[in-house]
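Let's take a walk through this structure together, going from single side chains out to the sheet and its packing. Keep the viewer open as you read.

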Amino acid sequence: MSQIIPDFEVAASGNQRFSSAAFKGHPYVLYFYPKDDTPGCTIEGTQFRDLHQEFKNAGYMIFGVSRDSVASHDKFKAKMGFPFDLLSDKDEVMCKLFDVIKEKNMYGKKVFGIERSTFIMGRHGEIVREWRAVKVDGHAADVLAAVKSIG
């Protein structure tokens, strides 16, 4: 049974708003990442960027999500040439809905941060497939293969 996520709205790159209600009837991919312009997050974003057209051809939009500001997202998106929007979840609205904030060990100190996670969202706002504790290498290709198998 798929979990339906309540409607949410957050700020997005390019001074836009993202509203999940506006995407009813349209499947999309959300990938949560810890921080703009860091090595793993850059690799993950560029892999989604490089496969973006294939996701589009399959009928799916991609959105990256972190707790960074819209200004940070705009710089990261421009620098990396991302053709998709980055969502700013500074208030952790989405992070809480998708349960992606986890305790991490940062240089021996316990901190709470985003656990790299990806969700395929269905036409009715339901989670169709999810990946938690994602390893970056090849992940975007795995998500694309799942999207193509769902249709």
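Cysteine 41 counts as buried in this predicted model, as its relative accessibility is 2%. Cysteine 95 is buried too, with a relative accessible area of 1%. Could you hope for a bridge here, and how many disulfides does a search of the whole structure find? The search finds zero. The reason is distance: a disulfide needs two cysteine sulfur atoms within 2.5 Å, and the sulfur of cysteine 41 is 12 Å from the closest cysteine sulfur, that of cysteine 95, so the pair is too far apart for a bond.

Seven strands make up an open sheet with mixed pairing, and their order is 2-1-5-4-3-8-9. Strand 2 (16–19) and strand 9 (127–131) are the edge strands, each pairing on one side only. From one strand to the next, the twist averages 30°. As a reminder, strands of a sheet pair through backbone hydrogen bonds, either parallel or antiparallel.

With strand 2 it pairs in the antiparallel sense over four bridges, and the two strands form a hairpin with three residues between them. In that turn, glycine 14 has a positive phi of about 75°. Strand 1 also runs antiparallel to strand 5, to which two bridges join it. Alanine 11 can be followed in both directions: arginine 17 stands opposite it in strand 2, and serine 88 stands opposite it in strand 5.

Serine 88 deserves a stop of its own. This residue lies in strand 5 (residues 85–88) and is buried, with a relative accessible area of 7%.

The largest nonpolar core has 22 residues, and Val29, Phe48, Phe55, Ile120 and Val143 have the most contacts inside it. Two or more residues come to this core from each of strand 3 (28–32), helix 1 (39–50), helix 3 (70–80) and helix 5 (139–150). Which element gives the most to this core? Helix 5 does, with five residues. Apart from this core lies another, of 20 residues, among them Ile5, Phe63, Val100 and Ile114.

Valine 143 is in contact with Val29, Phe48, Phe55, Thr118, Ile120 and Trp131, leaving aside neighbours within four places in sequence. Phenylalanine 48, in helix 1, is buried with a relative accessible area of 0%. Beyond neighbours within four places in sequence, the contacts of phenylalanine 48 are Val29, Tyr31, Phe55, Ile62, Phe84, Thr118, His139, Ala140 and Val143.

Finally, consider phenylalanine 8, found in the segment before strand 1. Is phenylalanine 8 buried or exposed? At a relative accessible area of 5%, phenylalanine 8 is buried, since the buried class takes in values under 20%. With neighbours within four places in sequence left aside, phenylalanine 8 is in contact with Phe18, Ser19, Ser20, Tyr28, Leu30, Val93, Met94, Leu97 and Phe98.

| Residue pair | Separation along the chain | C-alpha distance |
|---|---|---|
| Phenylalanine 48 and glycine 125 | 77 residues | 21 Å |
| Phenylalanine 8 and alanine 140 | 132 residues | 24 Å |

Terms used: Residues are numbered from 1 along each chain as its sequence is written. This is a predicted model: local features need pLDDT of at least 70, side-chain atom pairs count only at pLDDT 80 or more; totals for chains, interfaces and linings use all residues. Side-chain values use heavy atoms; hydrogens and water are left out. Buried means under 20% relative accessible area, exposed over 50%, partly exposed in between (1.4 Å probe, protein chains only). A nonpolar core is a set of buried Ala, Val, Leu, Ile, Met, Phe, Trp, Tyr and Cys residues joined through side-chain atoms within 4.5 Å. Contact means heavy atoms within 4.5 Å. Two strands pair if DSSP finds at least two bridges between them. Axes are lines fitted to C-alpha atoms, for helices over the stretch in contact, and angles run from 0 to 180 degrees between N-to-C directions.
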